[in-house]
Amino acid sequence: MKKYIPRLTDKILKEELEAFGAVLITGPKWCGKTTTAFNQAKSALFLQDPDEREQYLRVADIKPSSLLEGENPRLIDEWQDAPQLWDAVRFSVDQRGNSGLYILTGSTSVDETKIAHSGTGRISRLRMRTMSLFESGDSNGEVSIRQLLEKQDISGKSTHSIKDIANLIVGGGWPSSIGKSLNIKRRQVEGYCKSIVNIEISTFDGVDRNSDKVEHVLRSYSRHISSQATIKTITNDVTKNFDSIYRKTVSEYIDALKKIYVIEDLKAWSPTLRSKTTISTSSTRHFVDPAIAAYFLDANSEDLLNDLKTMGLLFESLVIRDLRVYVENLNGKLFHYRDHSGLEADAVLHFRNGEWGAIEVKLGDKAIDAGAESLLKLKDKIDTDAMNAPSFLAVVTANGYAYQRPDRVYVIPIGCLRN
């Protein structure tokens, strides 16, 4: 049996099982949900086991509680194939009154129309993503976000070259790719992306969608990665190939891609400012992994190195992917900031105690000064009578050294960062 690769989600799952009767783990296909859940489960039900599937579905219709029998925590993998199990789990938690009874996994969003109760207070929700660079062993972890929050001195050095970063972008963070060659990683990404277009986007809810149109929506989304492109802009892109597509159709396709955890946009942050500056509320466009965008742009590592503007956008998306994993491990949330003056922060890390930090992402060393200047301007705009001043400001770069500048802004290579 393949050795289990520890995930940052392990700690969160353990704590959620102590606090709730059941935990639902969601996320994209093949990101490691089942493996992570199975690592802490004591019995399991695999609804997609082809030898048992028909029998399981019949039992779920007749007496779903029978499928819950087994040592706890009991894993119920891809529970959405038998939605009746949701209410059975919720009822069992109510009846037994214990924590840590069940772990459910799913690759699609909960269909609220097929369940009687949301499970609030009984079933916790936990999101998994593809692996961060620290989890995959591609970050040495010499600088932690905890250190930044505590205003500690930092030091570190990333051994990555720009080409290494390009390889990490196109190779993706799926667990099955660990230790594989870049060629094999790209083949796996291709298989995943083709599955999205031809299978996953239609089978999860039974709605037949035009695969050619889906692919062109994904290509347009990829061209606008790390931007606040509107649905109208994406629709205009797609209509260059399909005269008949409507904005509503494009919006519906994007919603479907969100429900299978392919698209994960970054929401806007709304701090309290000293001035009456208008803040953008548009989300930044991102996939769950930047390798998806690279695939639909038909870009390999060499292509990115020859087009540093595009590589910079994909690098930003790589950093956002990792920051989501690190911040949620620390019970925080990730946002972006942009106001109508053009001032922005690519990532804002916000925590429950009111602490926050802001990050600008810059591919090359020459842009570090501009990133630091932007962050310091944002700091000066914050109304510190109404909210906390930032705990830290940082520029995340592709490679080089980790250090703190004289203006107190941190500079951190992505290959040194961890939670």
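Start at the largest pocket, which holds about 1100 Å³ of space in this predicted model. To find its centre, select Arg127, Arg129, Glu264, Glu328 and Lys333; of the 30 residues in the lining, these lie closest to that point.

Next, colour the elements that give two or more residues to the pocket lining: helix H1 (9–19), strand E5 (123–127), helix H14 (308–329), strand E8 (332–338) and strand E9 (344–351). What kinds of residue make up the lining of the largest pocket? Colouring by type shows 13 charged, 10 nonpolar and 7 polar residues.

Two of those elements, E8 and E9, lead on to the sheet. Select its 7 strands and follow them in the order E7-E12-E13-E11-E10-E9-E8. The sheet is open and its pairing is mixed. Strands of a sheet pair through backbone hydrogen bonds, either parallel or antiparallel. Which strands are at the edges? Strand E7 (156–158) and E8 each pair on one side only. Stepping from one strand to the next, expect a twist that averages 30 degrees.

Now zoom in on strand E12 (residues 400–404) and strand E13 (residues 410–413). Their pairing is antiparallel, over 2 bridges. Pick Tyr403 and look across to E13, where Val411 is its bridge partner.

Finally, show helix H15 (residues 368–381) against the sheet. H15 lies across E8, E9, strand E10 (356–361), strand E11 (392–397), E12 and E13. Compare the direction of H15 with that of E11: the helix runs at about 155 degrees to the strand.

Definitions and conventions: Residues numbered from 1 in each chain as written. Predicted model: local features only at pLDDT ≥ 70, side-chain atom pairs only at ≥ 80, totals over all residues. Heavy atoms only, no water. 1 Å grid on protein atoms, 1.4 Å probe; cavity = no way out; pocket = protein on both sides within 12 Å on 5 of 7 lines; lining within 4 Å. Points joined across faces, edges and corners; volume = space filled by probe spheres on them. Helix = DSSP H or I, 4+ residues; strand = E, 2+ residues; numbered from the N terminus. Nonpolar A, V, L, I, M, F, W, Y, C, P; charged D, E, K, R; others polar. Pairing = 2+ DSSP bridges. Axes fitted to C-alpha atoms, helices over the stretch in contact; angles between N-to-C directions. Contact = heavy atoms within 4.5 Å.
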